[in-house]
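Subject: Structure for your review

Hello,

Here is the structure we spoke about, with the sequence alongside. My notes follow below it.

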Amino acid sequence: MGKKLRVGIAGHGVVGKIRHQFIDEHPRMQVTAVCDQEFAKPGEPKLKTVSCLKDYKQLLQEPLDVLFVCMPNYLAPEVTIAGLEKGLHVFCEKPPGRDVADVLRVIGCEKKHPRQKLMYGFNHRYHDSVREAQRIIRSGKLGKILNLRGVYGKSKIISFDSDWRTKRALAGGGIFLDQGIHMVDLMRLFAGEFTEVHSYISNDFWKHDVEDNAYALMRTKEGVVGMLHSSATQWRHSFNLTITLTKGALVLSGILSNSKSYGAETITIVHAKDKDAGDPYEEMIRYNDDNSWRDEVFNFAEAILNNKKIKQGSSKEALETMRTVYRVYYADKAWAKRWHIPNPDSRKMK
């Protein structure tokens, strides 16, 4: 057993605390320092055996090997770049920034530091229902994908007792960038890149300067269609992704989350037959444990310790997911004009 990787966490809120738990579960990683604005407050309780600092600049003065970035969208690229330039391996939560330009800045820095690992946290890829869907699709027993229909929604944008998510200058986008990006990432995972996009974006209900609903209709070059609704007016929290294939379908319903508000995580496997009269044989699997956070952290550790290439959550994957998000924003011409959203596929964004 070699020495442990010393880990710092920039941002010790809800997500930072979850990452902390699973980092310390890894036999070769240990959190040695964290920063959060809460630690700047007089009398704020500190953590035993861990340096508790008030900002990321102080954190980066600590002796570290790895940095986890759990910061608001407007700070995530800045802190990620600072970590790479300090010679650290960096794990950054989604979204990777406010817009495509933010991600390109990080990738520019990453190219200058090829020895460091950079990974982005799209933990929905590590959920057991998603992994089972991948396994079934790869097996070919249900044929090829025809289309995907996804709904991911909650009852408001504000969460974790913070309001920065409702301000365009700080967040970059609303519910679609904050939560819907997970559904975009999964659709890309299953179907590939969407090259044709139509959309309608709205902030009619909550009236923030970021969207509270996004409706997208997308198509790949191969003809696979994806329909998506990302909502902050979904009064009963919902996650549902239906993947229709030539010989059946997969229905991913519910997602195990920290809030426990999206229902049981299940996958229903539908076997279509010629004479089933629209009432096919189905089998459902229910998952009661969420191993996604742990598995994602352990995957990152393995890439560092064994010098493996980042596959799930690479900067390339993060960039393409971000481009797709912004293709949706840009496709609503009125929305794009109102908020001066550039074409994510323009030469400036390459």
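**The sheet and what packs on it**

Eight strands form an open sheet in the order 8-9-10-7-11-12-13-14, and the pairing is mixed. Its edges are strand 8 (194-202) and strand 14 (281-287), each of which pairs on one side only. From one strand to the next the twist averages 10°.

This is a predicted model, in which local features need pLDDT of at least 70 and side-chain atom pairs count only at pLDDT 80 or more, while totals for chains, interfaces and linings use all residues. Residues are numbered from 1 along each chain as its sequence is written, and side-chain values use heavy atoms, with hydrogens and water left out.

On terms: helices (H or I, at least four residues) and strands (E, at least two) are DSSP runs numbered from the N terminus, and two strands pair if DSSP finds at least two bridges between them. Contact, touching and packing mean heavy atoms within 4.5 Å. Axes are lines fitted to C-alpha atoms, for helices over the stretch in contact, and angles run from 0 to 180 degrees between N-to-C directions.

Strand 7 (residues 145-153) pairs with strand 10 (residues 225-231) in the parallel sense, over seven bridges. Within strand 10, Ser230 is the residue opposite Tyr152. Helix 5 (residues 128-139) packs on the sheet, where it touches strand 7, strand 11 (238-245), strand 12 (248-253), strand 13 (265-271) and strand 14. The direction of helix 5 makes about 20° with that of strand 13. Helix 7 also packs on the sheet, touching strands 7, 8, 9 (213-220), 10 and 11, and its direction makes about 160° with that of strand 7.

**Cores**

A nonpolar core is a set of buried Ala, Val, Leu, Ile, Met, Phe, Trp, Tyr and Cys residues joined through side-chain atoms within 4.5 Å. Buried means under 20% relative accessible area (1.4 Å probe, protein chains only). The largest such core has 75 residues, and Leu148, Phe190, Ile243 and Leu250 have the most contacts inside it. Helix 7 (residues 175-191) gives the largest share of this core, nine residues. A second, separate core has 26 residues, including Ile18, Phe22, Tyr126 and Trp293.

Leaving out residues up to four places away in sequence, Leu250 touches a set of residues that includes Ala133, Ile136 and Ile137.

**Helices**

The expected span of a helix is 1.5 Å times one less than its number of residues. Helix 5, with twelve residues, reaches 16 Å from its first C-alpha to its last, close to the 16 Å expected. Just after helix 5, Gly140 takes a positive phi of about 80°.

Helix 1 (residues 14-25) has buried residues Gly16, Ile18, Arg19, His20, Phe22 and Ile23. They pack against several elements, among them strand 1 (5-10), strand 2 (29-35) and helix 8 (292-305).

Helix 9 (residues 315-331) is largely enclosed by the rest of the structure, because 13 of its 17 residues are buried.

**Asn73**

Asn73 sits in the loop between strand 4 (66-69) and helix 3 (76-85). Asn73 is buried, with a relative accessible area of 5%. A polar atom of its side chain lies 2.9 Å from the backbone oxygen of Ala171. Apart from neighbours within four places in sequence, the contacts of Asn73 include Pro95, Arg98, Trp164 and Leu177.

Regards

How values were computed: Buried means under 20% relative accessible area, exposed over 50%, partly exposed in between (1.4 Å probe, protein chains only). A polar contact is a pair of N or O atoms within 3.5 Å; within protein, one must be able to donate a hydrogen and the other to accept it, and residues adjacent in sequence count only if both atoms are side-chain atoms.
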